[in-house]
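Welcome! Take a moment to look over the chain before reading on, and keep the view open as you go.

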Amino acid sequence: MTLALIGLPAALGAAPAHAAARTPGVADLDGDGYGDLVIGAPAASGGGRVTVVYGSRNGVDLGHHQVLAPLRSGGAFGTAVVTADFDGDGRTDLAVGAPGHGTIEIFGGTRSGLSRRAVLTPGDGAGRALAVGDVDHDGRPDLLAAGNSALLIIGFTAGVPKIVTTVKGHASRRVAIAAGDLNGDGYADAAWNADGVLRLLHGSRTGLRPVPGTASVGSTGGLAIADVNGDRRGDVVAGDPGGAHGGLVKVYPGGDLGHPRAYGQDTEGVPGKGETGDEFGAAVVARDRDGDGRADVVVGAPGEAIGERRNAGAVTVLRGDAHWSLGAGSSSFSQDTEGVPGVAETGDRYGAALSLADLDGDTRLDLTVGTPGENGGDGGVSVYPGQGIAGMTVFGGKAAGLSAVKAAFGGALSG
């Protein structure tokens, strides 16, 4: 991990001026022009909590935060969080999953903070995973919610949510969902991983249509759709944390389920060594952080051992590449990396959740890393500014207004 001090600023370095045009809209919940960070703490007492730390010109402002509680306790509220402007008022709204009750709660963004707007309770573990995309290309974002055995597509009319489609699947213990345009037709498509079986659905005027065939990812980890090789089509990036060599990330170019490309810690150019239990791919996020037209893939390995400290965790950045050489120029870092505050400890699970978003309005993407096992399960979050290590912020739930005891603060992130 010693080389990561050099690699980290390069991996998260300053984007050129033209990159701003390629950066999607930020999650601006209070409409002040700065992106905001949403942090799930699904194990918090009372059924889970969600904390919003609002952004500013100096990044996340711990003095400006809001803690959200579930309507009903006991449902692991905050297991999944996702943001979009569902009601079209120019401010970002928030959807929170509480799969213990099969509940999805919608909070509307206002200048004074978030307020609960609607509650959906379809049951069947709904809200275990959430994603957002305009699947019918009507100019309004749709909410995709995966549960135990079905995928729900939720539309919004005048900000009011309604389940418009239910896609049946098989009963699963672990699920992931992602949205993005795979075929360049302007409609958001979806990737759905249920217990390692990957399915695709294409967007259309009438909503999502299942694509024939499936792929065996192996296990279920992070999932994203982004243009990794710069051909202007989305690629499916699927984590296989239970896979060979300590876990893999599999990329399906353009959604081609028959020809995946696999990357892990034993791939040429990727730092480290794959070992059983690393869980490489447990979390992934993919966005174009340097404005070159190719998404970089950030990978969490929360099971990574640092020395003798098991499940301490690490993060790897794979650079997007036109020829799929994602290991070239990649870097890896942990809480033991020189210059990074904190110390890697057994059970921290650094990298269990990830987010890339502009939190300070400088058009550079800031990386947030969740560490839900920090301090015996209280949890913590590390925010790396787009320019590198300098100015990074590390905090736990108490600093953001949450009673953090065994809360798994940082178990889910959105920004």
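What follows is a short tour of a few places in this model.

The model is predicted. Its average pLDDT is 92, and 93% of the residues score at least 70. The stretch of residues 1–24 has a pLDDT below 50, though it makes 53 contacts in the model beyond near neighbours in sequence. Where pLDDT is low, the predicted coordinates should not be read in detail.

**An open sheet**

Four strands line up in the order β4-β5-β6-β7 to give an open sheet with antiparallel pairing. At its edges are β4 (80–84) and β7 (115–120), each of which pairs on one side only. On average, neighbouring strands of this sheet are turned by 20° against each other, ignoring direction.

**Salt bridges**

Side chains of opposite charge can pair when their charged atoms come close. In the whole structure, a search finds eleven salt bridges. Three of them are listed here.

| Salt bridge | Closest N and O atoms |
|---|---|
| D240 and K250 | 3.4 Å |
| D290 and R289 | 3.3 Å |
| R309 and D336 | 2.7 Å |

D240 forms its salt bridge with K250. Because D240 lies in strand β18 and K250 in strand β19, this pair ties together parts that are ten residues apart in sequence. Both D240 and K250 are buried.

D290 and R289 are buried as well, and they belong to a network of salt bridges that also links D296 and R319.

R309 forms a salt bridge with D336. R309 sits in the loop between β22 (296–301) and β23 (314–318), and D336 in the loop between β24 (331–333) and β25 (353–357), so the pair connects parts that are 27 residues apart in sequence. R309 is partly exposed at 26% relative accessibility, and D336 is partly exposed at 33%.

**Two loop residues**

Is S204 buried or exposed? With a relative accessible area of 10%, S204 is buried. S204 is found in the loop between β14 (197–202) and β15 (209–210). Its side chain reaches the backbone oxygen of G207 at 2.6 Å. Leaving aside neighbours within four places in sequence, S204 is in contact with V135, D136, Y187 and R209.

G242, in the loop between β18 (235–240) and β19 (248–252), is exposed, with a relative accessible area of 61%.

Terms used. Residues are numbered from 1 along each chain as its sequence is written. This is a predicted model: local features need pLDDT of at least 70, side-chain atom pairs count only at pLDDT 80 or more; totals for chains, interfaces and linings use all residues. Side-chain values use heavy atoms; hydrogens and water are left out. Buried means under 20% relative accessible area, exposed over 50%, partly exposed in between (1.4 Å probe, protein chains only). A polar contact is a pair of N or O atoms within 3.5 Å; within protein, one must be able to donate a hydrogen and the other to accept it, and residues adjacent in sequence count only if both atoms are side-chain atoms. Contact means heavy atoms within 4.5 Å. Two strands pair if DSSP finds at least two bridges between them. Axes are lines fitted to C-alpha atoms, for helices over the stretch in contact, and angles run from 0 to 180 degrees between N-to-C directions. pLDDT is the predictor's confidence in each residue, from 0 to 100. A salt bridge is a side-chain nitrogen of Lys or Arg within 4 Å of a carboxyl oxygen of Asp or Glu.
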